[in-house]
Amino acid sequence: MARPSRNIDQRLLDAGRELLPQTGCAGLSARRLTEHAGVNLAMLNYHFGSKDAFIRRLLDGMYDEMFAELTVRAAAEGTPLERLRASLRVLARFVHGNRQVMARIMADALNGEPVAIEFLSANVPRHVKVLVKLLREAQRAKQLMRMPVPQALAFIFGGALLPVLFGTAAQSSHAVPLVVRLALDVHVLPLRAIEKRIDLALRGLTLPGSTT
């Protein structure tokens with residue numbers, strides 16, 4: 001039997017990108033997804049096999065776009081520190097552009113949602129491995145101070161990227177005062193603020209006499 005055309009699979013993926021920031025993995029129902037895409041419910045199983053398989057395809061596609069750019073930046077010309085900064089900015093753009101989805105996935109994983117756990121377990125080590133290699137190169141080049149790499153990564157992620165996830169979650173909570181949510185919008189969540197924190201974190205790890 002010939003596969004139905006009309007780009008139904010892409011319509012479903014587009015609908016998933018719109019809905020996932022609101023629902024997370026656990027809250028995305030097959031019926032809501034197919035209604036949002038304007039397709040028959042049976043088309044989800046036809047094209048993807050199951051709702052969980054669909055979510056895996058959607059999340060992996062989003063991540064793979066970022067990871068392809070990350071690997072290019074990591075291998076480009078420049079000092080290890082320059083390539084590390086460029087790679088962190090790629091990751092920052094991904095987190096910033098998908099912050100609501102990422103916050104939902106983190107919450108789903110903490111609540112034991114299998115597809116969210118699988119996504120994080122499969123993909124987080126991929127970009128961490130790239131960043132670890134660059135950190136070690138920068139340390140060997142005496143651009144960054146020698147310290148355990150996990151500690152250096154925790155310093156960078158804790159200062160630059162984790163505030164985006166926590167800030168996004170705080171924005172959706174009515175328990176957080178409005179003035180705090182407005183401050184997050186201005187000082188924490190914008191991409192320029194994330195990139196500034198990356199620069200500050202790298203400056204904090206830079207050996208005296210090195211240039212950042």
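# Close-up views of helix packing

**View 1. Helix H8 crosses helix H10 in a right-handed sense.** A right-handed crossing has the near helix turned clockwise from the far one by less than a right angle, a left-handed one anticlockwise. Helices are DSSP runs of H or I of at least four residues, strands are runs of E of at least two, and both are numbered from the N terminus. The model is predicted: local features need pLDDT of at least 70, side-chain atom pairs count only at pLDDT 80 or more, and totals for chains, interfaces and linings use all residues. Residues are numbered from 1 along each chain as its sequence is written, and side-chain values use heavy atoms, with hydrogens and water left out. The axes of H8 and H10 come within 9 Å and cross at roughly 165°, which makes H8 roughly antiparallel to H10. H8 contributes Ala152, Phe155, Ile156, Gly159, Ala160, Leu161, Pro163 and Val164 to the contact, and H10 contributes Ile194, Arg197, Ile198, Ala201, Leu202 and Leu205. Axes are lines fitted to C-alpha atoms, for helices over the stretch in contact, with angles from 0 to 180 degrees between N-to-C directions. Roughly antiparallel means over 145 degrees, and contact means heavy atoms within 4.5 Å.

**View 2. Buried residues of helix H10 and the helices that cover them.** H10 comprises residues 191-205. Ala193, Ile194, Glu195, Arg197, Ile198, Asp199, Ala201, Leu202 and Leu205 are the buried residues of H10; buried means under 20% relative accessible area with a 1.4 Å probe, protein chains only. Their cover includes helix H5 (80-97), helix H8 (149-171) and helix H9 (178-188).

**View 3. Helix H5 packs against helix H7 (residues 114-140) with axes that come within 8 Å.** The two axes cross at roughly 155°, which makes H5 roughly antiparallel to H7. This crossing of H5 and H7 is left-handed. On the H5 side, Pro80, Leu81, Arg83, Leu84, Ser87, Leu88 and Leu91 meet His127, Leu131, Leu134, Leu135, Glu137 and Ala138 of H7.

View 4. Ser87 lies in H5 and counts as buried at 0% relative accessibility. Ala92 is found in H5 and, at 0% relative accessibility, counts as buried. The C-alpha atoms of Ala92 and Leu110, 18 residues apart along the chain, are separated by 22 Å.

**View 5. The largest nonpolar core and the chain that holds it.** Leu12, Phe54, Leu59, Leu84 and Ile105 touch the most other members among the 67 residues of this core. A nonpolar core is a set of buried Ala, Val, Leu, Ile, Met, Phe, Trp, Tyr and Cys residues joined through side-chain atoms within 4.5 Å. The protein chain has 10 helices and 0 strands, and buried residues make up 45% of its 212 residues. Of its contacts with a separation of 6 or more, 67% join residues 24 or more positions apart. The C-alpha trace spans about 65 × 45 × 30 Å along its principal axes.

Terms used: Buried < 20%, exposed > 50% of the residue type's maximum accessible area, 1.4 Å probe, protein only. Expected span 1.5 Å × (residues − 1). Parallel < 35°, antiparallel > 145°, perpendicular 65-115°, else oblique.
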